[in-house]
Amino acid sequence: MNMEKFQESMYHLIVQTSTNLPKDVRRAIKGAKQRENAGTRSAMSLATITNNIKMADENVSPICQDTGLPTFKLKVPVGANQLQMKEAIKAAIAQATKDGKLRPNSVDSLTGDNSGDNLGLGLPVIKFEQWEKDFIDARLILKGGGCENKNIQYSLPCELEGLGRAGRDLDGIRKCVMHSVYQAQGQGCSAGFIGVGIGGDRSSGYDLAKEQLFRSVDDVNPNEELRMLEEYIMDNANELGIGTMGFGGETTLLGCKVGVMNRIPASFFVSVAYNCWAFRRLGVQVNPETGEIKDWLYQEGEDIDFADESGEGAAVAEIAAAAEAPISQEAITLTAPITEEQIRQLKVGDVVKITGRMYTGRDAIHKYLMDNDAPVDLNGQVIYHCGPVMLKDEAGNWHVKAAGPTTSIREEPYQGDIMKKFGIRAVIGKGGMGAKTLAALKEHGGVYLNAIGGAAQYYAECVKSVDGVDLMNFGIPEAMWHLQVEGFTAVVTMDSHGNSLHEDVEKSSLEKLAQFKEPVFK
Ligand SMILES: O=C(O)C[C@H](O)C(=O)O
Ligand code: SF4
């Protein structure tokens, strides 16, 4: 095989997967948008999401800044050289990283060092299978960390919150799958897609679940029982009312695919792989002689570019509508340093627009700030839970290529203490935070702002300049970037008066979950 061409083909596959959402996924998102009532927070989020998908197309830039853990699945004719293909894929990954199409995401688990090129022990994941056909089928999924953290595995029988006993039968499986959607809340950037694996052991069960994510969103399960289960879940999971980003709403789930394998008598696992709306998986058929792409997978049907429905103006107008404010009413502008009085005036549902300075800070920074001084004065400042994709130009200046929020709940052990210690007034992230942070917001006078997860192009455009960076030793995603932003829009979802939209949605969705307690499949 022409390995140079094959490498080029793999590079195309990587770039397209990161920047161009497949058509089957677009159709599902379009459907969700049509179901959502205008003026709701979910409709607003979906407008931002579709706008972001369009921007990623146009900019050929990552849909979401978390370009995930690249996982390749290849089916190859007998005799194709897998060792050479592996090397070509690695080279293509390194090149795509250098070009800003992938975030450097490969971190040494012991030292925390970022390899900078997405290579390293065990990464990328590449799985080969041989087959009798005369072409190569190469598929790639870029599954981000926030949704990966919401995967869940059940060992039957078990007791489930809201649903009671889940036994070793189809109805027990049904309960586990319903529960998996509930427990994810908005944190995996709902509305999501789930792959379910029934049976196997802990590792093959998860593999089977992830395998389901390679099925087309609109296929029909050939197994009648599983088809019924998939249909049931799609019909009922949306009743949970978690909605886009956990803001409440009509669509919580965009796809559900279930696979089954045998198990051993003592084990009965139900494994669920949760994927965010930014469901980045594509595939190509490659000619094994020339190494060239013959065809793209998942791309049947009409183009859906959302061009007719989203523009920046539309999304912002809908944000205002979502907050039940008259469209003409301006969102509240915040510029750091922010005073306690300004914060105390904000309440859940308010829309704010930030202009001026904000600092990124995520996992490594929060841990660091617990025991160290901050590299900058954070009094009255805004912290953005974000690990951006950054590129340096020839003059040595940094540019933001993608910059959406990360899941805030990981900072729950630190957030309140850090806000008080440094006088931070606002944190921006997604998915919400817990009781400890809520109490600290009240005591100290702070606010939690929810940005739209995955909308990395939309937010990158709000960043007007990168004015500096600290703690680069933590690597690009984890460093503290000094950003100058304009019109950065987010919704207050936790205020300084003890109110939390996340707490409310969690409570109401648990009540709704309990309505699915009675047996359905006998
Ligand atoms: O790492 C990130 O940037 C985000 C992550 O995928 C998340 O959803 O929290
Ligand atoms: S930020 Fe959201 S959209 Fe992006 S990878 Fe994480 S879960 Fe997916």
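Here are some friendly questions and answers about the fold and one ligand shell of this model.

This is a predicted model, where local features need pLDDT of at least 70, side-chain atom pairs count only at pLDDT 80 or more, and totals for chains, interfaces and linings use all residues. Residues are numbered from 1 along each chain as its sequence is written, while chains are lettered from A and ligands numbered from 1 in the order in which they are written.

Me: What radius of gyration does the chain have, and why does it agree with a compact globule?
Reply: The radius is taken over C-alpha atoms, and the globule rule is 2.2 Å times the number of residues to the power 0.38. For 522 residues a compact globule would come near 24 Å, so the chain agrees with its 23 Å.

Me: How many Å apart are the C-alpha centres of domain 1 and domain 2?
Reply: An automatic or database domain assignment sets the bounds, giving domain 1 (145–275) and domain 2 (330–505). Their C-alpha centres are separated by 32 Å.

Me: How many residues does each domain bring to the contact?
Reply: Two residues are in contact if their C-beta atoms, placed from the backbone, lie within 7 Å. Domain 1 gives 11 residues and domain 2 gives 13 residues.
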